[in-house]
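Keep the sequence at hand.

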Amino acid sequence: MSFCSFPVSVLRGVVCCLAVMLGVLAPGLRAADESSEQTIATINQELDVRLHELPSKMKAFQQILDGYIANQKKKAEELNKLGVILYSQDATNMFALAFYCQQVMSLRTELKTLVDNEATSQTTFTFERAIKLLNEEKTRLDGLKNSIAAMDDATLSEESRKAKAQAVKKCDKLNKVIDEYLKTLTKEKGRIGSLNDKSAALETYAADKLQAMVNTVFYSPVSVLNYFSSACERFKEAFIATYVVDDSSTERTKEVWKMVKGIALFLVVSYLLARLTFRVGLKKILMKRNMMEKAPYHICWSTLLYLAVFMSIGSLLQPLDFMRAVMTTGIEFLMTLALITFSVTVRLPYEKVRQGLLLYAPGMVLCTVFIFLRMSMAPNIIVNMTLPLLFPLVFAWNVWILVRNKQTAPPVDKFFSTVSCVLIGLASICSLIGFSFLFFLVMLAWIMLLTSILFLMAFYHLVHIYQKKRSLRVENAGHRLQPFMSKFVLPVMSLLLIMFSLLWPASIFNIAHLIREWASTPFIVSDFAQSISVNAIITVIFMAITLRYVIFVVKTELHEKLGEDYDLGGYSTYMTLGTFVLWGVYVLISLAVFQVNFTGIMMILGGMSMGLGFALKDTIDNIICGLSLMFGRLRQGDIVECDGIRGKVSSIGYRTTYIETLDGSVIAFQNNQLFNKNFRNMTSNHVFEQVKVEIGIAYGTEVDKARTLILEAVRDVEGLSKTRNTSVVLDGFGDNSVNLGVWVWAPVRMKMATLSRVREAIYRTFNENGISIPFPQQDVYIKEVPRAVVVEEKGA
């Protein structure tokens with residue numbers, strides 16, 4: 001039970017019992033029709049019962065209070081110990097100083113929470129409310145005592161006068177008990193305040209010292225090349241003190257050896273569990289996909305994952321804060337290795353897995369060394385001497401791996417390995433200059449970010465395989481899963497993992513609270529905006545991802561339910577307007593998140609109104625014209641003719657309307673241009689248009705007969721209007737035929753197909769009834785064939 005929750009959860013029940021025990025003594029609960037002597041007798045009996053129960057109640061209360069006092073003393077001792085350690089720490093060990101500063105801040109948070117609850121809590125029981133409750137009960141007992149003492153002895157019998165005196169004494173006795181516990185509660189409340197003040201002073205010192213350390217270690221170069229000989233001597237002393245000297249009698253050393261033995265045991269159990277998991281679950285899957293060669297790699301990342309789980313359980317049972325922090329760091333390291341191995345194993349074919357792991361090996365080796373330095377609380381001199389040597393070696397190794405696998409390495413993994421190589425090369429130079437700790441942090445952040453990216457790639461790869469497999473069994477089975485993963489899950493996970501990639505390296509240095517403070521601190525504070533911070537920006541991005549996905553889902557569901565009606569009706573228009581409204585609300589909420597001064601915005605817009613009016617004239621005009629088109633003259637899906645161009649309105653935007661022509665091309669019209677044109681909307685009133693089909697018949701053919709045959713032929717043609725009649729007129733006399741005009745009402749959207757069926761029906765009917773359709777022809781008459789002229793060559 002934590003220090004904060006102990007008095008709140010336990011004292012609440014006990015003091016409430018005490019209050020109930022004393023609350024039944026209120027004079028108002030007595031029967032109004034009892035005589036004075038009966039009242040005194042009843043009160044005496046109740047006081048006897050309460051005094052009899054009082055020792056057991058107070059004993060339970062005292063036990064709980066003693067436990068709380070012991071816990072409070074333990075926290076006081078812990079605070080004193082942290083104060084001694086912190087005030088004795090110098091600037092030679094960044095990790096140790098940061099760890100103890102973090103411990104002070106955690107203890108300070110507990111005490112501050114307790115004090116805040118004392119002052120402001122309305123739902124939990126606190127010392128303040130307990131003292132108030134006991135004071136109220138004391139007041140009620142005093143009132144009872146005074147009421148009893150005020151009774152006239154002349155009206156009472158001798159026995160009642162004795163009972164009266166006894167009741168007064170019993171009230172005094174109960175009041176004395178209450179006074180004792182009031183003193184105890186007041187004293188303990190004062191101790192909490194004293195501890196809180198002491199922890200506040202220590203926290204201020206810790207925060208200042210940690211900030212100074214961060215500024216010195218990260219931003220002030222400390223190159224060991226300038227004092228190499230003395231640095232080597234100090235490195236030797238620090239190395240012996242940290243890794244060689246071993247006092248097996250200390251509690252920490254015992255816990256370290258216990259942890260090492262536990263990890264060895266956990267490793268064996270994890271390997272056995274990984275093999276069992278593979279045999280039970282993964283073996284059949286890999287056999288179906290002919291990937292049994294990957295079995296060792298799957299067992300490897302499964303072993304690392306199981307080991308991390310077992311270490312998590314062990315850390316919960318660890319009594320020392322230092323060991324818990326060490327084990328937590330180890331767990332995070334194992335998870336990093338497991339995720340990288342998992343991603344490479346899942347994504348790449350068997351013959352490329354070993355190559356992929358080799359590309360990431362330099363980064364994993366660096367991470368291993370970093371975690372070892374952190375877990376061992378290595379002094380600054382060890383870090384400053386180790387990293388300038390380690391970075392160049394790993395850089396050379398990484399270059400060798402890239403050169404050797406240049407032609408055959410997977411492109412994505414080769415790219416990430418190249419980025420790592422560049423960062424390691426930069427770290428090699430900067431660590432020699434003296435920025436070892438800074439690039440320690442930078443490389444950890446990159447490794448964590450790289451792990452996050454690889455995990456997302458593997459996750460998306462598995463989702464793609466699942467969707468493909470499911471779609472083979474069920475048609476359109478993954479049409480919801482794919483957008484959900486790509487448009488919502490992956491962006492949100494990317495956002496969270498990027499944040500974690502920054503917090504995890506900072507937690508290695510125990511400075512995660514500085515990152516959180518930096519993220520929550522506004523970096524732009526002005527009269528215009530009060531809270532533009534990293535956290536606010538992340539919140540706004542998350543809202544945008546969510547809103548974008550919600551709009552997509554609504555639009556997709558409408559498409560599925562309405563089908564073609566969605567594109568042909570006004571639903572798309574309402575969806576466009578609804579989208580515009582939702583994004584407008586999003587903008588307003590985002591401005592509220594940034595705590596933007598709307599009065600300032602209005603003043604700025606007012607001052608810039610004339611300039612903005614001229615600058616945004618066309619944009620505003622297009623938006624207004626677009627809204628007018630949406631509500632009046634056009635709908636998405638309408639067939640229009642404009643400037644000799646016929647096509648379907650594919651979308652009406654805020655600035656532009658897009659028309660898809662019959663040949664498939666898309667033409668964009670500015671909304672204000674289209675609004676001012678006299679275009680023809682072919683589907684505004686109905687979906688049919690009257691079209692003339694021209695056909696010729698030979699001279700001498702009866703026109704009435706041809707007309708009757710044509711009307712009978714087109715009567716049952718699919719697509720023609722059933723409510724509007726077809727008419728046949730004599731259109732004119734041509735050179736070779738009598739031209740008839742067949743006026744039909746064809747559907748606008750299926751005009752070409754319908755007219756084709758009309759022509760086919762007429763042609764078929766004419767052939768069946770012997771009516772010829774003449775075609776242009778020309779007769780050539782040869783009147784005389786010229787004689788052949790024979791030309792003899794000279795000398796023949």
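Start at V693, whose bridge partner in strand β8 is V742. The model is a predicted one, in which local features need pLDDT of at least 70, side-chain atom pairs count only at pLDDT 80 or more, and totals for chains, interfaces and linings use all residues. Residues are numbered from 1 along each chain as its sequence is written, and side-chain values use heavy atoms, with hydrogens and water left out.

Now widen the view. Strand β6 (residues 688–697) and β8 (residues 738–747) pair in the antiparallel sense over ten bridges. Strands here are DSSP runs of E with at least two residues, while helices are runs of H or I with at least four; both are numbered from the N terminus. Two strands pair if DSSP finds at least two bridges between them. Is β6 enclosed or open? Seven of its ten residues are buried, so β6 is largely enclosed by the rest of the structure. Buried means under 20% relative accessible area, exposed means over 50%, and partly exposed lies in between (1.4 Å probe, protein chains only).

Next comes an open sheet. Five strands pair antiparallel in the order β4-β3-β2-β1-β5. The edges belong to β4 (666–670) and β5 (680–681); each has a single partner strand, so one side of each lacks a neighbour in the sheet. Inside this order, β2 (residues 645–652) runs antiparallel to β3 (residues 656–661), joined by five bridges. S651 stands opposite Y658 in β3. In a regular strand, side chains alternate between the two faces of the sheet.

Turn to the helices. In α15 (residues 512–520), the buried residues are A512, H513 and A519. They cover an arc of only 125° around the axis, so they lie on the same side of α15. The arc is that of the directions from the helix axis to the C-beta atoms.

I313, in α8, is partly exposed at 46% relative accessible area.

Finish with the cysteines. C171 is buried at 0% relative accessibility, whereas C232 is partly exposed at 29%. The structure holds zero disulfides (cysteine sulfur pairs within 2.5 Å).
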